[in-house]
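The sequence and the structure come first, and the description follows.

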Amino acid sequence: METAVSEKQSQANYDNDIIDWFENVSENAVHVQTQTLRRILELNYGVEYLEKWLVGNNIQEIDARALESLFISTVPVASHADFEPYIQRIADGDTGPLLTQQPITTLSLSSGTTEGRQKYVPFTRHSAQTTLQIFRLAAAYRARVFPIREGGRILEFIYSSKQFKTKGGLTAGTATTHYYASEEFKIKQEMTKSFTCSPEEVISSGDYKQSTYCHLLLGLFYSSEVEFITSAFAYSIVQAFRAFEEHWKEICNDITEGTLSSRIDLPKIRKAVLEIISPNPCLASKVQGCCEELQNLNWSGLIPKLWPNAKYVYSIMTGSMQPYFKKLRHYAGDLPLVSADYGSTESWIGVNVDPSLPAENVTFAVIPTFSYFEFLPLYRQKPGCISAIDDLLEGEPVPLSQVKVGQEYEVIVTTFTGLYRYRLGDVVEVAGFHRGTPKLSFICRRKLILTVNIDKNTEKDLQSVVERGSQLLTEAGAELLDFTSHAYVANQPGHYVIYWEIKGEVEERILGECCREMDASFVDHGYVVSRKTNSIGPLELCIVERGTFKRILDYFIGNGAAMSQFKTPRCTSNQVLLRILDACTIKRFHSTAYGC
Ligand code: AMP
């Protein structure tokens with residue numbers, strides 16, 4: 001008892017310490033940023049990438065502020081393409097100081113599902129350390145609002161993908177995979193004293209379907225101990241509970257008998273799970289009773305019903321995860337949904353310091369020790385219009401000290417892993433300040449996704465349009481499971497094709513209306529004008545058969561993407577994907593002439 005009290009005390013002390021640390025660095029964010037840049041440059045002075053700009057300067061003799069000015073005025077803003085030749089040489093085995101003085105031994109693959117192709121990004125010990133640090137920091141802020149029981153468990157839908165060797169012998173894989181394999185992940189498990197329900201063999205099985213089944217089975221096996229439910233991106237939780245709707249009887253059977261379904265055929269995972277579970281008919285019949293009730297409610301409130309002690313659901317729910325928010329809310333009932341932090345394979349950026357806010361209003365306080373951040377101001381040509389993001393006028397990048405509330409920016413990072421003034425491609429808005437550090441709202445990926453001629457629509461534009469169209473679907477009692485799009489330009493005039501996978505029966509007349517509604521909902525000036533003059537043809541809505549988006553997921557996973565970082569591509573010109581989508585199309589609709 002005494003030990004439990006003192007452990008509780010030490011965890012609380014630890015939470016206070018890490019929050020104090022962050023409050024302090026955010027209070028002094030401007031100074032901390034200058035020092036962070038200095039440290040990055042001191043560590044990597046003389047690397048080949050920087051040589052041509054910083055050569056001849058003895059940076060030890062320059063004070064940090066002057067160094068910051070020198071860096072900004074000489075080193076150009078760059079994109080991934082500028083770093084690619086260096087990263088390729090590293091991947092091929094060049095151990096010279098190309099981007100960093102310390103040789104890079106690990107490369108991360110960004111998920112690639114938003115950009116269309118995976119990119120290599122350096123991963124170092126610093127990457128794993130910052131992951132652990134932001135995890136602890138975010139957990140400390142959450143604990144203030146939603147205290148959890150120490151020694152409890154976390155139902156984590158996490159998946160590592162395979163690590164492999166590059167031509168030069170470097171370990172490559174997704175950033176989450178490297179993190180799950182790191183010392184830091186083990187420390188996190190120990191430090192927080194809250195354990196993932198699944199053993200390492202389940203997380204790293206390499207087969208996301210088998211891992212999902214086991215996460216669910218073990219999550220239920222430990223259901224009374226589960227304190228919260230989480231995944232990196234909301235998509236993984238939604239796909240897991242969709243799988244549960246299909247497999248719950250089998251899972252109940254496994255709990256009754258203490259067995260493992262034959263669908264789990266990987267020996268390592270079987271052995272690890274069977275060592276944990278034992279027959280529990282009483283729990284199984286309780287779960288079965290709940291599921292029978294839930295079935296009649298279309299699985300609404302599934303999470304609090306099956307995990308009665310869970311305090312919240314925690315995951316990234318913004319940006320490209322927004323389309324899954326409604327479904328997550330459906331499963332979570334009244335349980336709080338807490339938005340997880342903002343980061344990328346390149347660098348962590350901001351932490352959610354207000355976990356009690358509704359997930360859709362989340363902002364991320366920039367962590368000024370993680371990287372050196374700059375912000376490229378973006379000005380819309382038409383105020384208030386979310387479209388035509390590629391028509392945005394750009395200002396000059398400003399440091400963290402000069403950002404303005406209400407202004408939109410593209411994030412630029414200089415990292416400890418050898419990326420200098422690297423455009424991240426994300427658009428954020430400064431929503432306010434946490435002490436001296438900006439709080440960012442995530443707006444969208446900057447990349448243009450749909451364009452036929454002068455029209456330009458982003459992921460966010462498409463999301464709004466699909467939301468409008470799918471309202472009619474919801475009113476008719478059906479559900480949009482997932483969607484993507486394609487700009488068809490093989491024949492003139494080109495047109496947009498939107499692919500929908502839906503659940504439930506809907507009259508064709510209603511689907512035709514959904515198609516018209518979407519066509520009329522694009523607010524991008526280029527699209528509207530082009531549709532009126534018929535230089536963009538009627539929008540095409542393709543309904544694909546059930547399971548199509550799972551096939552797309554399988555295609556990405558088969559090519560090295562990780563379930564933990566997966567984001568459905570919202571626009572594609574990938575020929576393999578288009579072949580899958582076209583082969584799976586079961587109904588097609590075309591909107592009528594524009595404005596009719
Ligand atoms: P990746 O490096 O491929 O795993 O993906 C990183 C990208 O995911 C970021 O650049 C953002 O576009 C997106 N992302 C990460 N965290 C969030 C968040 N909290 N909200 C919205 N989008 C996010």
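In which loop is Arg435 found? Arg435 is found in the loop between strand S17 (422-434) and S18. Helices (H or I, at least four residues) and strands (E, at least two) are DSSP runs, numbered from the N terminus. The model is a predicted one, in which local features need pLDDT of at least 70 and side-chain atom pairs count only at pLDDT 80 or more, while totals for chains, interfaces and linings use all residues. Residues are numbered from 1 along each chain as its sequence is written, and side-chain values use heavy atoms, with hydrogens and water left out.

## Residues in loops

Arg435 has a phi near 55°, a positive value in a residue other than glycine. With a relative accessible area of 46%, Arg435 is partly exposed; buried means under 20% relative accessible area, exposed over 50%, and partly exposed in between (1.4 Å probe, protein chains only). Asn298, which is not a glycine either, has a positive phi of about 55°. Asn298 lies in the loop between helix H13 (281-296) and helix H14 (302-306).

Lys447 belongs to the loop between strand S18 (437-445) and helix H16 (459-475). Along the chain, Lys447 and Ala172 are 275 residues apart, and their C-alpha atoms are separated by 26 Å.

| Residue | Relative accessible area | Class |
|---|---|---|
| Asn298 | 39% | partly exposed |
| Arg435 | 46% | partly exposed |
| Lys447 | 38% | partly exposed |

A cis peptide bond runs from Gln492 to Pro493, with omega near -10°. Pro493 is placed in the loop between strand S19 (479-488) and strand S20 (495-503). The UniProt annotation "domain: GH3 C-terminal", from an unreviewed entry, covers residues 460-575. UniProt positions are given in the numbering used here, feature names are shortened, and annotations may be inferred rather than shown by experiment. Over residues 460-575 the chain is 43% helix and 21% strand, and the end C-alpha atoms lie 23 Å apart.

## The five-stranded sheet

Strands of a sheet pair through backbone hydrogen bonds, either parallel or antiparallel. In this model, an open sheet of five strands has the order S6-S3-S7-S8-S9, with parallel pairing; two strands pair if DSSP finds at least two bridges between them. Strand S6 (195-196) and strand S9 (337-339) are the edge strands, each pairing on one side only.

Helix H15 (residues 325-332) packs on this sheet and touches S8 and S9, and its direction makes about 140° with that of S9. Contact means heavy atoms within 4.5 Å. Axes are lines fitted to C-alpha atoms, for helices over the stretch in contact, and angles run from 0 to 180 degrees between N-to-C directions.

Four bridges link strand S7 (residues 226-233) with strand S8 (residues 312-316) in the parallel sense, and Thr230 has Tyr314 in S8 as its bridge partner. The pairing of S8 with S9 is also parallel, over three bridges; there Ser315 has Ser339 in S9 as its bridge partner.

Is S8 enclosed by the rest of the structure or open to the outside? Five of the five residues of S8 are buried, so S8 is largely enclosed by the rest of the structure. Tyr312, Tyr314 and Ile316 point one way from S8, whereas Val313 and Ser315 point the other way.

Arg329 is found in helix H15 and counts as partly exposed at 33% relative accessibility. Leaving aside neighbours within four places in sequence, Arg329 is in contact with Asp334, Leu335 and Leu337. Arg329 and Ser300 are 29 residues apart in sequence, and their C-alpha atoms are 8.6 Å apart in space.

## The four-stranded sheet

Another open sheet has four strands in the order S2-S1-S5-S4, with mixed pairing. Its edge strands are strand S2 (120-123) and strand S4 (164-165). Strand S1 (residues 106-109) and S2 run antiparallel and are joined by four bridges; Leu107 has Pro122 in S2 as its bridge partner. Helix H5 (residues 80-91) lies across S1 and S2, at about 65° to S2.
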